[in-house]
Structures are given as structure tokens and as C-alpha cells.
Amino acid sequence: MNQPPLSATEIGLTRREAIARAIGIVGATALAPVALSAPATEPRKQLLLLFLSGGASQLETWDPKPGARTGGPFRAIPTSLDGVRIGELLPHTAKIMHRLAVVRSVNSTIADHEVGHYAIQAGRLVPGYPVLGSAVARLLERPDDVLPGYITLRRDGPKAYTDTGDAGFLGAKYEAVKVINGRPPENLVIPGGIQPAVLQARDAARRAADERFLRGRAPGPIHGYGTTFDQASALMQRREIFDLDAESATDRDRYGRHDFGQNCLLARRLLKSGVSCVRVVHHDWDAHQDNFYWHQMRCAEFDRTFVTLIQDLEENGMLEHTLVVVTGEMGRTPQINNLGGRDHWGRAWSVAMAGAGIKPGVVFGETNDTGTEVKADQVSIGDLFHTYLRALGLNPHANYHLNGQTNPIADPAGKAITAVLA
Amino acid sequence: MSPFTRLSRRIGWLPLLMAGAVEVCGMAVENGLSLHEQIDAILARDWAKEKITPAAASQDAEFARRVHLDLTGVIPTGTETRAFLDDARPDKRARLIDQLLASPEYALHMARVFDVMLTERRLPTVKPYDVATAMWRAYLAESFAANKPWDKLVREILDSDGSDELQPAAAKFYVVRDAEPHQMTRDVGRLFLGMDLQCAQCHDDPRFDDYKQADYFGIYAFVSRLSLFRDNKLNRSFVGEKAVGDVTFTSVFTTEQGRTDPRLPGGTMIADPVLAKGAEYVVAPSNTTRGIPNYSRRKQLAEQMPRAETQGFVRNLGNRLWALLLGRGLVHPLDLHHAKNPPSHPEVLQCIEQWLVENHYDIQGCLREIALSRCYQLSSELPPGSEPPAEAFAVAPLRGLTPEQLRWSLLQATGRIEAHFVRADAQLKKSNPEEYEAKRNDWRWRKDLYEQLERQSNLVITTFAALPGQDDSKIDPVVDHALFLLNSPKLLDLIKVAPGTAFDRWAAISDPGALAEDLYLSIHIRRPTADETSDVTKIVERATTPAERASALQPFVWGLLLSAEFRFNH
Amino acid sequence: MPAMPIDPAKARLVIEHKHDAPLMSCVFDPRGRFLFSGGRGPGVMCIEIATGEKTTLTGHDSWVGEMARAGSDLVLTGDYLGRVIAWDCSAEPPRERWNIDAHPSTIRALAVSADGETFATGDRDGIVRIWQTSDGRQLHELPKNVHPIYGLAFHPDGQRIVSADRQPQKPQIKVWDIATGRETLKIEVAELSGYRRVEDIEWGGIRGLTLSPDGSLIVACGRAGYDGPASALLFDSATGKLKRKLASSLKGFCYMARFHAQGFLMTVGGDVAKGEFRTWNVEQDASLADTSTSGPCTSLDIHPEGTRFAVTQAIGKSSYPETGLLAIYEWPA
């Protein structure tokens, strides 16, 4: 990297702010961009999070136990990795196992959707911290960035397990910009007939008012609110990044004409445009009844699309600098309930990764014969978070310094899983 | 007079509190200390202990804006603001509080607030059979206009099956949840007891020792026999109830089975009476009618819930009323009280609870006391050199206006509410001169007028509100909101120059000083600074006609409406 | 056919056999000497009725959800991995005659033609194949369906076969001409859909299918909507018109229906931790007899002599049923 890395422990100001301080610009929170030396030429690292919301069953996917009482009716199939088998519902994924790293020994101890959504993404149980997408958006941001650092693609409606508050104490700037039901943020276009002079006068009035109001008051909420207008401006100028119609019909077919498929194609587009972090939520894995039928449906959607996406990233030279994480908020019980379903389960489940910083073709950790316990190499949600940061070239032992408070970026008790790191 | 009182009259309460010499609430009450004085004394003691310097008292302008927003849900007009600022009476703040509490707008505002609190913007599955929002809000507004005590309101809501001709809307709580037992259980716990027992549904929540699975199912047992009955002829939903159905539960991870009769947390189980066979129903459930049992567990819930003995009932009310004015509960979040999440100032909450019991759950009275406190009336300007933590309540917080407050304040600042009411008022006077005085201050008449205004601004609500079932107050500003404020044609409609808006008035003021004053009094509820006045002067200096003045002002007004000072309650 | 007509309302329990896994399928062999049963495990339980002696037949590697008898001495069993095994019941205990990898995925429907010469299998990918019973050789494959096949039944004329699927919102019954593979009738059964937008999942669908002995009635089993009740719908097989709805009071599913040679219909169904079987006269809405059971009844078979029948259940008090029950009932003469 052309720019020196920020010091190991002090990541309080953005690069822009730090440099502004360094060259003596008064007011380290200046909103105008600062002139810099040539921007980094090295491709930036990016994050793609495929979130299996509801909790996909590890027994029907990454860690099958055919023949066990808890195994269910499905088979395990061989993969492109010698000696490694995954569930038969993922035949296409099986062919690219040599690109993936799978951790089968996750013990998150969480069996709740809301808690799980937060904790698995923030790498800890304590609330208020930024989730992975928001954290990485901040840690990877560059001074000349105009695009939002974190975009999430999901649906609206029941069981969306909404992601408000994702940025935690990092504030509004690092909240995910949402593409809901495939629709980009509304109001990206100036309404017709308004003179530029009017807009300029409006913006000047707003800024001047905020500057005055700020004096003597808690800056956090005021800045947070003001930032959203900067983000809005930036997004308006780059709104073509949301336009899925610009992608070919062939590609739209290849990814699958369903929500997850189209969202993954949009994710590819957003990553290509330079968005740091993209999260695609694949909904409805919460199979409390008729688990096997349900997983058959969900895996069919996931399998082909996932492989198409990985292969496209590979072909575009993007996979080597994009960390791909596939996870739900929890797994599902080995025991099959009396509706033929599996319930919430955090004690022994799986997460998959690929791309930047990840050693491909690794299966780490083991569960016992019935999948009721981790047998070897147990990892925690903190460990996973450390791993993701390391894979992205970030230091998980560093701290945020904001508003006079110091907070660790990752749970200090966690440790990166070196076996899956390149 | 007790020795303590004698002493306190000489040296004040604070030193006695500091010395731990006084048991707070009881003694304070005994010695004639009002609730707001108790609150202030305890906080002063706590601040001293934590070495926290509180902010200074708010300016009149700050106070006026805040208390209008908190008690009536909208900023005052410029005229009202000027009158308050120029009022020389030393007790004007207390008078304003009383005036606002007595106003019809208080009842309408509380109806909106409690609508959102109790329904969380949910819609039932079959929307046409829902209790109409207007009817539900009218029921709430009537309750708050009469200052119906909380226990009575809760009893009505939990007792209702939708069939009471006098208050069919009270069943809304059940209807919007489709009378789904688990949803009802969770929300009864959260909204009436301040406890979210959701996780306990599957197993004992490992996080909270005192939320037991048994507590969850104890509440569940009150509502498990309920179901929604959709009457196709009346196009309405009713809450039906069976006479049978026992509640057993099994932990997902152990095979331990428990059985429970209805029981509120901390209470005793209420067994069903033994009824003769054939006597279980007043009306048995069928395809054409909802079930009405002879013994109703739902009615038991309505009886048992609103009592001081019910664990969490009074605390929940006190906490939520506090949060309405202070922006944050003493227990935070509002629905998560448990041993490991105690109130930040337990004695303050205790005093409020005690007051509520003694004053029979008088909501207006409680809000009045809190609003009179010094704590509520602190400025939002930070004490020099420090930013106290939110839970200290040592500085007024910056909190986003609720979607409703934002909508009404936009309409107020642009003069649309006033214009609408002036027209309607004139009409009323002409058509109904004898009843004019009584009617024009009747919340019912005013509600209809507000509802007419709602249509043009509903998009503001949907843009800024959370998803159904989610908490509005957890929303941080996000880019979608900014895009709406910058680019939405709907918003533009509300702030453009048009006849019948404040632009008429502003355009007619040729003196820039007077113009600046009117603008700032109407929009920011304060007088402008010298700098601000000179900014306004510059903007209109080249305008020679009212039309030019209005068009020069429009972007400026737009900018002010988008500023943080407008967006936040502070 | 028994000499004296039996009274369908007077069934009584003969014996119950416990199994260490929930049971999903059962069938008597053509001579009525053995009762086969399968469920959430690879072993097939085979009970010699006269002695009560139990044997576990091995050969499957996954759950055995489908069973049917064929010809004079065969029982066919189909599993979740797509394997079908034919058991020769002239031997004691029955032994494997042939074993085929019939489908790439779960077999959800298995039916035998009236003459016993052919059988059909349907899977969760929508494939329907028709085979020769004697050796397991494939004869036909129907044009591919998109949705999982949950029911199959041969028309007594041997030329047509009826299928039922789990299409979301509109489960379909289709009548096919076997030789040409042409679809001759389609019935959409929205009444048995339990589709919920919330999860975008079809929770219901047709769960079982049978034809009356003369082929005039198609019976589709399932659940009326997401909330039930368990229902069996009777359709005219020529016109596709709905003739009658047989509804239970159970909120759960009707999983299977079987006609007795005497002409009455039996259904089995279940919900969480409870079940039932019912007997019906197809000319009436109300059932002739109902029996409640402690676990959901998942399958049913009537003895070839028509004097007995067997019912399987999944049993468990806790959230996770661990065992199964196979019960034999008889109608006294």
C-alpha cells in the first residue's frame, strides 16, 4: 500500500481527519475533502457477506451426518476436496469446495434471531458495537471515497430482522445503505424544475444553521445527522451503481431469477463499483417445521447462485481481494422436532469463507457423530470476527478512539483462526 | 413537624440526602416535598457523588419548544412563542405546562403516542377487518382528555373483545396482533410490565436469571385460549375465547415439562373454577360466532394486570412517562427490566412509582411533575468541558423528533395548520355561533381538522417510522431520510411557496429585522441572533415585491427545516 | 373379501409394536402374513403376524417413507435417497429380490398398478417413473414436473396414472396417459394449500392420494389452509369436479387415505403430539367412526383380507419425538 498503515492502536480519526490534523487544517472534523498525494493504486480490500437469515441447518449443508439419528434423510456427497463431503442439497457448491474454507466448530451459545443477528456480525454479545460491514466500512475507508462504505440488500417485511443501529457508536455514516426488495434508495434524483441556485442556497442555509447549533452541544447526533446529507449527495451522483438493468439478461438468468439471485448480481455490480462492504441477505432459513423440504427449497436457490457469484468474482480478478463470508445467525438443532423441523441452535454449527486472506480448501474443526457437540477446535463468534479482520489485512487488536472513548475493534478474548488464513 | 423537616427547612434537603440521613420517597412525601422536588434532590445527590456537573437551566425559548413538543407533539406557532418569551410572570413555565396539559392537543398527542406504543404500527393480517385507526385514536384521545387513570385504560384494553358498543376500539391491541398468543404474551410483558420475555419462550434465558420460562407461560396462559374471529357480515374482528385449553411447556433443550395456570410475574396462579359440563360457554364458538366462555381468562388478565401488586406494572408506567419527557427510560431499554439491567436512578423511579400509586395512576399529574422538575428543564448545551453520559440525565438530550412530531412541526412552521384552522374556525362561527366557543376547543372537532391535514403528509410518517413491530426511537438518522428531505416531491409540496402558508405572511414583511424575527420564532422557536438577522437581510435585499421575497426565502426556509436544530427535540 | 361385511365403525386394537424411531410407512404383504413398517431409520421392521416375531430388513441407507405390496408375493419399499427394494415374501423372513437406484432424490410417492405388474415412483424433484415389478426395469418416465410429487395412484384400467404435487398455492392433481405420457386432466387444489407469504413456503400441499377401487373418485389428503383442519377432498376423476370435503376437527394434516374393498374410506392424520384415524362413507360428510391416538398417524394399510388394518405413528412427549408405534386393529366379524 502506498499509504502508511495507521498506527496499530490508534484508529480514532479517519484518514482524512488524521491527515488534516497533520497538515494543520483547523477543525479536524472538516467536511470538505482534503488534497492528498496520489491515492493508493493497490486494489482495495472488500467484504461480501452472504447472510443466511433465520439460521441455515449445518446438518443439511456444511456438516452432514448421514445415517445418524440426527442426520435426517439426506445424503452427503463428495466434493472437489478429497475426503470432504457436504450435504447433497449443495451439488454445485461441492464442486468448488477447493476454493472455500469451512469452519465446522462454531459454538456461539446463541439461539435467538435478534441477538444472533447482532452478535455474529459484531463478534460479541455486548450491544452497541458496529457490525462487521459497518466496522470494515470504516476501517477500510479512503479519503477520496464517495460511495457509501456499506450497502445491504434485503427484503422488507416480516422476519426481516431489521438492521437499524448496525453502525453502533461509529454513527450514521457507517450505517448500511439499504436496497430493500431490489429497490435502490428512493429520492436519488432531484425533482424536476428546481434551479441549482435554490439547492445551493438551501444547502448553505442548512450548513450554517448546523454550525451555529453545534456550538456548546453534543456533537455526535448533530454530526450524524449532517453526515447523512453528505452521503445523500454522494449517492445521488453515483446512483447508476444500483441499476440492475445495466446488467445483461444472460447474467440475470445465470444468477437465478429470484430475489437472492438478483441481489447477488447487484452485489457483484456494487463491489465492482468500489463499495467496500456488501451484505446480501438470503431470507427464511428458520425451518421450525418441515425442515427437509424447506432446506431443499432454500439450498436450491443458494447453491447455484453462490457458485455463479464466486466464479464471477474469480474471473474478474476480484476474489483475491474480496473476503466472502457465508453465515447465518445460528445453526439448527440436531434433534428433529415433532413437526419435522429443526429449532434454533448455537452449540455446534458451521460458517464458510473464501477470497481475500483465506486459505482455500480447508475444513477446520469437527463435531461429534451426531452433531450435538463440537469435538475439536471449537471457535467463538469473537474468533470468527478476528479471522475476518485479519483476512482483510486489518489488526483486530487495535482500538477505536471516538468521542473520548476507547473501544476495542474486536472482542479482546477472541483469536483469529490461523488454520483458515492464507 | 418532624425534626428532619425543621432541619431541612434550614439547610435544604440535599445535605440530608448526602448524609444518607433520609429515606427518600417516604420521608419526602411525609414532609411535603413534591415529586419533582424529590426527583431533583435525588439527582443532585447522585451528580455530586459521581462528580457530574449538570448543564445550566434552559432558556425560555428552549423550554417552550421542548415542552410544546413533549406535551402536544408539535412546535408552537411564532405568535405563541413571542407571547411566552415576552411574558414577564415568574411562574410562566408552570402556567405553560398546565395550559398545555389542559389543551385538546395534549389529548390528541397522547393518543398518537400511545397508539404507536401499544400497536407499534402493526397491521393485522386481514386489514379490512382491523379496528379503524381513527376510531382507535378517538378512543385514546377521549381517555386522555378525561385523564383516565392508567389502570382503567389498561383494564379496558385487556378486557375488550371488540363487542362493547361504547368502546369497540379498545380491542385494537389484540386485533393488530391477530390475537396470536405468543405475540400477545410477549407484548403484554413488554408494554405493560416492561419485561421482554421472548427468549424464555423456548428455554430459560441464559442471559437473565430472573426471566423464567414459567413467567412467560404464566402470561401465555391468560391469552392462549384467545383467537381472532372475523365477522364477515360486520366486516370486523372480535376476540373469541375458548373455555378449554391448558398450557404446558417444554424446554427445547431439556425434556422438562411444566404446566401452568394463568399467573403474572411475581403473582400467584389463578386456577379455573370447575364448571358444570355444558355450562362452559355463554356462547359456544362456531363458524358464525366467536366463543364467549362463562369464565374468561382474558377478563382475569384485565383484572390482575393493572394493580400495584403486579410486578412491574407501576414501574413500567413510571419509566415510560419519564422516557416520554426525558428521551430515555430510567430503565433502558424500556422493555428490558431485570436484575442485571436495573434503573440508572432507582430511587427516582421508586418515588415516581409511589406517587403513581398514591395518585391513582394520574398520567397528566405525573407528566406535570416531571415537567416541573429542574432536571427536565436543563439546557441541551453541555456543561463546560464535559459531556455527561446519557443515563445521568445531567443535560437535555438531543432526540430526533418522532415521525408524528416531525410531520406536525413541518406543517406548523409553514403555517399550514394555522391556515386550516382559521378557515374552519370562521366557518364554525358562521354556522354555529352558540356552540362556537365550546366546540372550537373540543378535541373531537380539532381531531377531524388534523385528520384532514394528515393526508398531505403521510409520506413523512412512512419514511421516518420504523418497520411494524420495531421501535421508532431506536432509529438513527440514515441516508434515506436525507434523500427524502432533499429530493422528495411530496416534501417539496409541504414547503413550497403557496397561498395559505406562512410565505404569505413573510412575503408581506418588508422590514428585514421583523422578517428575521418572524422566521426564527416560527421555525426555530426563538429570536434570531444578530448574525442570523443579517443573513436574512442579505437574502431579501434584492427583492422588491412580495413574490420575489417569498421566492428568495423559500430555499432558506427549506434549509432551516432541514437543519439539526429543527430535526431534533433539544 | 371377508365372507360377512364388516362394520367399519367397530374397529378394535389388537396389538401395538414400539419402534425406536418415528414411523412413516407400513404395508401388509400380498398374502397377509407379514406387516412391514419403516420410518426415520434405514431398517425396515418386518413382523410375522402369526408369531409376532420381528425382523429388521437391511438394505436401505436412509429413511423409508413409502411402501406398497405388489403381485402375489412382493413388497416394495422406497427411501429418501431414491432407492427402491423389492422384498420376496415367499421367503421367511422376506428377502431382497432386487434393488434399484430409482431416483436421484427422495421418493415421496410409490404406487402399484391393479394387476401388480407395474409400479410408479415420484420424487421431490418432480420426476415420475414407471417400472416393471418383476425385475425393477424402468418402462416409462413422465414429462418432468416442477414440484415435488407427494402422491401417485394407478387407475384400475391400467392405462392411466394420477399424480399429486406440492406446487405453492395451487397443489395439482394430474391424470396421465401412461403410454403417451400425455396429461389428460389437471385439477388445482387451492383448498389444500398452506402457503404463507411470510416465509414464501408452501406449508401444505397434497400429502396423499388414492383412487376408489372403480377409479371414479380421486381422494386428495392434506390440510385445509395453514390452520387446517385435516381434510380429504373427493374429486370426480372424469370431470375433475370437487364432490365432497371430508373434514376432521384436527388442526393438522390428513396424510393418507385408503379404500376398503367394501367401499368405505379410511383416513389417517395428525398434529403435534396427537393423531387420529377415521372411517367414512363417501356419500356423507360426517365420519362413521373416529379414533384418537397419542401421536400423529402417518400411514395406514388395510390387510388384503380386509379384516384388519395397521396404522403408524410418531411418538414423543417432548419437542423431539424419538420413537414410533405400529398398531394393528381388527374389525370383528
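Reader: How many residues of chain C are in contact with chain A?

Author: 27 residues of chain C are in contact with 27 residues of chain A. Contact here means heavy atoms within 4.5 Å. A word on the source: this is a predicted model, where local features need pLDDT of at least 70, side-chain atom pairs count only at pLDDT 80 or more, and totals for chains, interfaces and linings use all residues. Residues are numbered from 1 along each chain as its sequence is written, chains are lettered from A and ligands numbered from 1 in the order in which they are written, and side-chain values use heavy atoms, with hydrogens and water left out.

Reader: What area do chain C and chain A bury between them?

Author: About 2,500 Å², with 51% of it on carbon and sulfur atoms. Buried area is the accessible area (1.4 Å probe) that two parts lose on being put together, summed over both. The size of an interface is often given in this way.

Reader: Why is the pair R207(C) and D290(A) called a salt bridge?

Author: The term asks for a side-chain nitrogen of Lys or Arg within 4 Å of a carboxyl oxygen of Asp or Glu. The closest N and O atoms of R207(C) and D290(A) are 3.3 Å apart. That is within 4 Å, so the pair is a salt bridge. Between chain C and chain A the count is three salt bridges.

Reader: What is the count of residue pairs in polar contact between chain C and chain A?

Author: Eight, with both residues at pLDDT 80 or more. A polar contact is a pair of N or O atoms within 3.5 Å; within protein, one must be able to donate a hydrogen and the other to accept it, and residues adjacent in sequence count only if both atoms are side-chain atoms. The side of chain C that touches chain A has 13 nonpolar, four polar and 10 charged residues. For these classes, Ala, Val, Leu, Ile, Met, Phe, Trp, Tyr, Cys and Pro count as nonpolar, Asp, Glu, Lys and Arg as charged, and the others, Gly among them, as polar.

Reader: How many residues does the contact take from chain B and from chain A?

Author: It takes 45 residues from chain B and 49 residues from chain A. The area buried between these two chains is about 4,000 Å², and carbon and sulfur atoms give 68% of that. In chain B, V479(B), L483(B) and N487(B) lose the most area to chain A, together 15% of what that side buries.

Reader: What makes R212(A) and D535(B) a salt bridge?

Author: Their side chains meet at 3.0 Å, N to O. The limit is 4 Å, so the pair passes. The rule finds two salt bridges across the interface of chain B and chain A. It also finds seven residue pairs in polar contact there, both residues at pLDDT 80 or more.

Reader: Which element gives the most to the side of chain B that touches chain A?

Author: α23(B), with eight residues. Helices (H or I, at least four residues) and strands (E, at least two) are DSSP runs, numbered from the N terminus. By class, this side of chain B has 23 nonpolar, 10 polar and 12 charged residues.

Reader: What is the volume of the largest cavity?

Author: About 70 Å³. On a 1 Å grid over the protein atoms alone, a cavity is a set of points where a 1.4 Å probe fits but cannot get out; lining residues have an atom within 4 Å of a point. Grid points are joined across faces, edges and corners, and a volume is the space filled by probe spheres set on the points. Of the 13 residues that line the largest cavity, the closest to its centre are L52(A), A56(A), W62(A), G328(A) and S350(A). The lining divides into seven nonpolar, six polar and no charged residues.

Reader: Which helix gives the most to the lining of the second largest cavity?

Author: Helix α8 (residues 104-119) of chain B, with four residues. The second largest cavity has a volume of about 60 Å³. Its lining includes T72(B), E105(B) and W408(B).

Reader: Where does P93(C) lie?

Author: P93(C) is in the loop between β8 (83-88) and β9 (95-101) of chain C. The peptide bond from E92(C) to P93(C) is cis, with omega near 0°.

Methods
1 Å grid on protein atoms, 1.4 Å probe; cavity = no way out; pocket = protein on both sides within 12 Å on 5 of 7 lines; lining within 4 Å.
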